[in-house]
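Subject: Structure handover

Hello,

Here is the structure you will be taking over. Please open it first, then read my notes below.

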Amino acid sequence: TIRPFSEIPGLWKNGVANLYNFWKLDGFKNLHRIMLQNFNTFGPIYREKVGYYESVNIINPEDAAILFRAEGHYPKRLKVEAWTSYRDYRNRKYGVLLKNGEDWRSNRVILNKEVISPKVMENFVPLLDEVGLDFVARIHKKITQNGQNKWTTDLSQELFKYALESVSTVLYGERLGLMLDYIDPEAQHFIDCITLMFKTTSPMLYIPPALLRQIGAKVWRDHVEAWDGIFNQADRCIQNIYRQLRLEGGPPKKYPGVLASLLMLDKLSIEDIKASITELMAGGVDTTSITLLWTLYELARYPNLQEELRAEVAAARAESQGDMLEMLKRIPLVKGALKETLRLHPVAVSLQRYTAEDIIIQNYHIPAGTLVQLGLYAMGRDPKVFFRPEQYQPSRWLRTKTHYFRSLSFGLAEAEMQIFLIHMLENFRVEKQRHVEVQSTFQLILLPEKPIILTLKSL
Ligand code: 2DC
């Protein structure tokens, strides 16, 4: 017998009381831990309501499969109201991240060709390789300046710059110059705005931004300021390319970047292009850099594994005579390492869909239109899903065929991260202080709760 929706366990009857408890547990920072605990208390499915945010949460891969099968022609994702409110407030268009329905689909199809097709990946790789080389050159310089053949530091700022430089070179076909000592203060401001934008989003998941705007709340004002900074920088980059394109005329000699390709293709309106390019640029900084930081942290914890990866990279380099595109086909363990990082330290705590039709999960009836979340963080640490989940073991991915979720920028992000690791492994040994363990904190995306201090030694 199928049990009704109302019998799903969990705390969903009093959103306001739950919000109060959530706040007492410092839930804004601990969302991932609270989810994990809820699965322990309630089992593989629970229902919850915090503030005005209501969802059903699941943890099993088989249940996720049911959910994604029921998503229909236009997957309906959670609308982050803080983000749409800002766009509405400033009269800006939604990009693919925020669009829905047919508008989303048509934009996405065109962007797919320019952002994730294998053909364009070939264009991206040499650009990303160049940034990777500049990054290691910069670290070598820091080590030399230091005079001790090593450099101990919190790499996050360097990684933010690496990620922004990488995404910009691909989007604009031009370098921003962030691997230099003096960097454009506007670019630094952009980086700071992204962090602030994420941080100010999370409370607005639970308290409607329209309300916060009405009462002139600080978090709303900070959020607007953050997005303003993001859009201003993106607008400047876009204007710059647009002007160049009009001056030059004629087809470019080399690959001109995603933006110029989209403009020349002339299938999307300029406003639509701007909106999606801005989202790609803003979405491509913290996400990849934090994943890389966690990967270096894990490699520092497992020195033998680090050597294994280094050997794989050396062999790949030899076999492909340095051709980066070929190399990327010969580094399964490096790819496994990135998957392990995302399993233990996912950027997104959960993945969510509104159901397009009625479905049955764990023998409960779930009506169409329900927000269902797959708890990625909890799933990655579940011993029923992953054998010895606490162990960082890239080789566990060698056997399994995973076809995981394809977000628009993921192909780019993957190549960027793989190329980074190749260069780092070829140049440095990464070490960490013993006995220092770092946990995650939730600021819309999951971030290290305290600085990760690593030591880089020249090989
Ligand atoms: C956060 O409960 C936890 O890819 C919430 O590059 C549910 C939720 C909704 C939307 C998710 C968000 C979580 C995590 C960060 C995500 C976001 C959608 C897109 C965004 C997953 C899981 C991210 C990081 C984008 C950001 C793009 C940028 C322009 C803002």
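Strand β8 pairs with strand β11 (residues 453-458) in the antiparallel sense, over 5 bridges. Two strands pair here if DSSP finds at least two bridges between them. Helices (H or I, at least four residues) and strands (E, at least two) are DSSP runs, numbered from the N terminus. Val-430 has Leu-456 in β11 as its bridge partner.

This is a predicted model: local features need pLDDT of at least 70, side-chain atom pairs count only at pLDDT 80 or more, and totals for chains, interfaces and linings use all residues. Residues are numbered from 1 along each chain as its sequence is written, and side-chain values use heavy atoms, with hydrogens and water left out.

Back to that sheet. It is open, has 3 strands in the order β3-β11-β8, and its pairing is antiparallel. β3 (150-154) and β8 (428-432) stand at the edges with a single partner strand each, so one side of each has no neighbour in the sheet. From one strand to the next, the twist averages 25°. Axes are lines fitted to C-alpha atoms, for helices over the stretch in contact, and angles run from 0 to 180 degrees between N-to-C directions. Helix α14 (residues 286-301) lies across β8 and β11, at about 80° to β8. Contact means heavy atoms within 4.5 Å.

There is also an open sheet of 4 strands, ordered β1-β2-β7-β4, with mixed pairing. Its edge strands are β1 (45-50) and β4 (350-354). The twist averages 30° from one strand to the next. Helix α2 (residues 27-42) packs on this sheet and touches β1, β2, β4 and β7. Inside the sheet, β2 (residues 53-58) and β7 (residues 371-375) run parallel over 3 bridges. Val-56 stands opposite Val-372 in β7.

Now the ligand. Its shell holds 22 residues, and the closest are Tyr-53, Met-197, Ser-350, Gln-352 and Leu-444. A residue counts if one of its heavy atoms lies within 4 Å. The protein buries 87% of the 630 Å² that the ligand exposes when taken alone. These areas come from the Shrake-Rupley method with a 1.4 Å probe. α13 gives the largest share of the shell, 3 residues.

Last, a hairpin. β9 and β10 form it with 1 residue between them, and Leu-444 in the turn has a positive phi of about 70°. Strands β9 (residues 440-443) and β10 (residues 445-448) are antiparallel and joined by 4 bridges.

Best wishes
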